[in-house]
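Keep the structure open as you read.

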Amino acid sequence: MYRFIILLLAGLFVFSFNAHAKVDFSGKTITWVVPFKEGGGTSRFSRFIQPFLTKYLPGNPTIKIMHIPGGGAIKGSNYFQKNAKPDGTYIFGCSTSVIVNVATGNPLVNYNLSAYKPVLLLPQNTHWFTRSDLIDEAHDISKLQKRKLVLYGLKTPASADLFHIWVFDKIGIKGAKPIPGLSSSGAWQAFQRGEIHLNSQGAAKYIKNVKPQIEKGKILDIMTLGLVDANGNISRNPLAPNAPTFSEMYEKVNGKKLSGDDLEAFYSIAAAWSQASKSMLLPENTPDDIVKVYRDAAKKMVNDSDFKAKATKVLGPYPLTVGEEAGAIIKKAAIFSDNTKKQLNKVLKKHKFTYRVK
Amino acid sequence: MEQFVSAFFQLFELTHLLFLFGGTLLGLVVGILPGLGGTSGLALVLPFVYSLEPSYALAMMIGVLAPTTTSDTFPAVLMGIPGTAGSQATVMDGFPLSKKGMAARALSAAFCSSLMGGVFGAFILSISIYYAIPIIMAFGFGEQFLLIILALLMVGALTGENFIKGITACILGLIIGSIGSAPITGDLRFTFGTLYLVEGVPIVIVGLGLFALPEIVGLLDSKGAIAKALKNEKGWFRGVKDVFKNWFLVLRCSSIGCIVGALPGLGGTVVDWIAYSHLKQTSKDTSDIGKGDVRGVIAPESANNAKEGGALIPTLLFGIPGSGNKVLLLGGFILIGIEPGLEMVTTHLDLTYLMIWSLAIANILGAGLCIGFASHISKLTLVRYYILAPIMIVLIFFATFNINRDWYDFVGLLGFGLIGITFKAFGWSRPALLIGFFLSTKVELLSYQTQAVYGLTFLTRPVSIILIILCFGTILLLLRQKFKQSNTSSSLKNKKNQIYYVLVLLILPLLMISMISSLDYRASLYPISLCVISVLLLTIIFFVKIIEYNKYHLLKYPIVKFVNMNIYEQNSGFNNQFFYYLSFIGYLIMNFIVGFPIASVIFINAFIIFHDKRDYKISIIISFILLVILWFLSYMLTLQFPNGLIGLLIDMPWWLGGDLN
């Protein structure tokens, strides 16, 4: 109650006095809450952005990153919802798992993600590949479709890995069977030992670990998820320009264009999994002028020559999304339509998972 | 090779050396304080390292681990109390030597052989890393699963006094480790609707609770042995000469240390005894051994430092810890984002070499400091425990809070503290519990993964067969040695309590079964099978205890006799220890009301003055210095103090627990 009153007063104060005043953060400390442990992707993302943000925010505030890992990112996210003041001194470091917790209706979620104000989105993309003795040539999955057992790693069905089940179902790999409890690096090791047949990695690991093996002829590309732009156009991943996107593969396998419920589900999945892979958000009810100050700073940052030079190496080759359109993507990612949920539950049931998207 | 050299240069960066040096100093101190060891030391450091660069954090962690087995010789020689579990054999000859007035000789021989052993261990580790890739690639799900099961069996069988109790402790650890969201289905098991238990209690909390708290109350209860002061001792050089004269013994015992250390589960507690009995079996003249033979110090000390290098092999390559402190080291890896396995010898090879170099340097540094400042360092053994204990408790609370800034962690700490104290008092293996806890999720996942990929055929793969033979061979061999003498004496007073305790332990598996049996079978099968096994084992233990208590003549059967061996713990001082434990709860409540800084000052002063009123000056000075140190730490590392209820009424400044902004 005490905190609520303070929040209310702070909100009123900001609303009545600050609305017209120029936003200035000089001498202030901004807390960037990251609901993951140190060293993870979201932590690296925020650490990379941090100095540039200090540089371009008015008043050059100190930015402190606060890691609150636990509960599958729910603990830190709930903490943010409860404690963040909507005055620009709190930032949220969000990632696919934070979004998936909301989208799949995890009952422990107490954060209202779709009302947050996005500043910046960093896309990622998934590459699928297999061993060269399992298919005839790259991008041709006909042999895999006929195979009785195609094993792949899956962390838990309550994570973004859930989408793999849907993807393999849609491209007709009937023998696909998930090996549960494998982290992305655990799955990669098992793939190398020859214990699982399909594997997928993000851009960084793809360049570092997978590409060299492709050049040696040990691994063949299957497809990538594809990059979705603001208008819903799907384009190929610049890191593997020869590999078809999911939608191309879908068309090849099913003989019809990706459309209807499947397309709707794909857009939601792509938004959560790829477009909003890592993001930086402000709390709900943050006044528009503060949001604008942040978005302006982000725009300047993206055009900073130093940032440009380092970003590709640290963050990957995909362009960052800044401003209004980011909001639509987060909403699409965090709120799955009933049709999409039904689709996901159908494939979960098919693979005998008891977990259901709510 | 390139990484080998680059790691070497990285090591000699100034900041790097500073962290290594800081870790080494801390390691020396925790080694000297009797009872505390690398596990408690590491648990104290972990909450602070994860705001550091990974390489600095590694240097610090290795720094803490490496010299504990060097400095633990001080209490072993001077007081006749092992400083860590690994220096029990050192007491056998070290203490008699010091009684003969040759403490300096014993100490310098011990430090020198520790140094040799430690460097040898690092050397072996760096060679085996070279051959690691094919080994790791040969270990699929099936082999990994088997390796873990066998490691658990070994831990259970060999770290406790009693075989069955050790195994049961292991399984109870697995059960506690299965609390939280089920890895396959995501169902919540035994969480009582709280978010805190979804990911389970953090490993650092479990380590602090199981090891640090029991050792501290144990020390308080022992009232402190009288240490011999080192003054103008001579013979430092003689000890060094002894080591060089026995160079072959050092080499043999270091090799034993390495090999035994590399076997998961054996590590800490037995290696010194193995080296000691090796000495007895191989030397021609055994007349002086046990009465003050310097070789009796050299053998265990070179082995227990060499084992650190060996023990890092399964830890780094498979993520399977061989002892309590390796569990925490792995916990630290996770905190700083390093995953053991193939990456340690491929992409993170530089970090691996950095660890090896740090291990070697920390050993040299530790031994050097011990020899150079022996008379000063040995004074630490004179510090009264009731002055030391509250300082440690305050540090532990500060560390605990900074892991997650979560008040529930204190509940976890005190909960596991109670388990640790009772386990220690009633003779149940704490390392087995900790390792079981740590490996639980892995065991569950691997059992599903193995089943999905291989079915039961994994047992017939060549590596599996080798593993099975190796494991059972070692267990049989060591059990025979270990249980030659039994301490089942008739003079124990607290047998009844120990019988009741078995019944208390039964509550956990029974409660667990009743609460999760309604879940999907993929979420409940694993914990319920464990629970059933543990209920069976606990029942056996219960009845054997009853048999022994009432002296039924069933005891003459060899199996009953075997199970009965050491089934009671002798030195049980539970009541006094529980009283001290209660004071920690009082401290927690104070924290909750007035916040950490004020509560700590009250606690330290009250604790010390309660023991001896004349020490009020010391207590005031100590509490002030400690506060200054904590303020400095908090300022440098942006760590926050727990803010009490008072903070809701009055706006507290940060140095009294308010917000950092």
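Predicted model: local features only at pLDDT ≥ 70, side-chain atom pairs only at ≥ 80, totals over all residues.

## The core

First, some terms: a residue is buried if 20 or more other C-beta atoms lie within 10 Å of its own, exposed if 12 or fewer, and partly exposed in between, with C-beta atoms placed from the backbone. A nonpolar core is a set of buried Ala, Val, Leu, Ile, Met, Phe, Trp, Tyr and Cys residues joined through C-beta atoms within 7 Å. The largest one here has 318 residues, and A:Ile99 and B:Met61 touch the most other members. Its largest share, 16 residues, comes from helix α7 of chain B (residues 103–130). (Helices are DSSP runs of H or I, at least four residues; strands are runs of E, at least two; both are numbered from the N terminus.)

What does B:Met61 touch? Leaving aside residues up to four places away in sequence, the list is B:Gly23, B:Leu42, B:Val45, B:Val49, B:Leu329 and B:Gly332. Contact means C-beta atoms, placed from the backbone, within 7 Å.

Residues are numbered from 1 along each chain as its sequence is written, while chains are lettered from A and ligands numbered from 1 in the order in which they are written.

The scores are ipTM 0.75 and pTM 0.84. Chain B has a mean pLDDT (the predictor's confidence in each residue, from 0 to 100) of 84, with 93% of its residues at 70 or more.

## Helix α16 of chain B

Two of the B:Met61 partners, B:Leu329 and B:Gly332, are also among the buried residues of α16(B). This helix covers residues 324–335 and spans 17 Å from first C-alpha to last, close to the expected 16 Å (1.5 Å times one less than its number of residues). Eleven of its twelve residues are buried. Just past its end, B:Gly337 has a positive phi of about 80°.

Between the chains, the contact takes 26 residues from chain A and 29 from chain B. On the chain A side, α3 (74–83), β7 (176–180) and α7 (184–192) each supply at least two residues, and β7(A) gives the most, with three.
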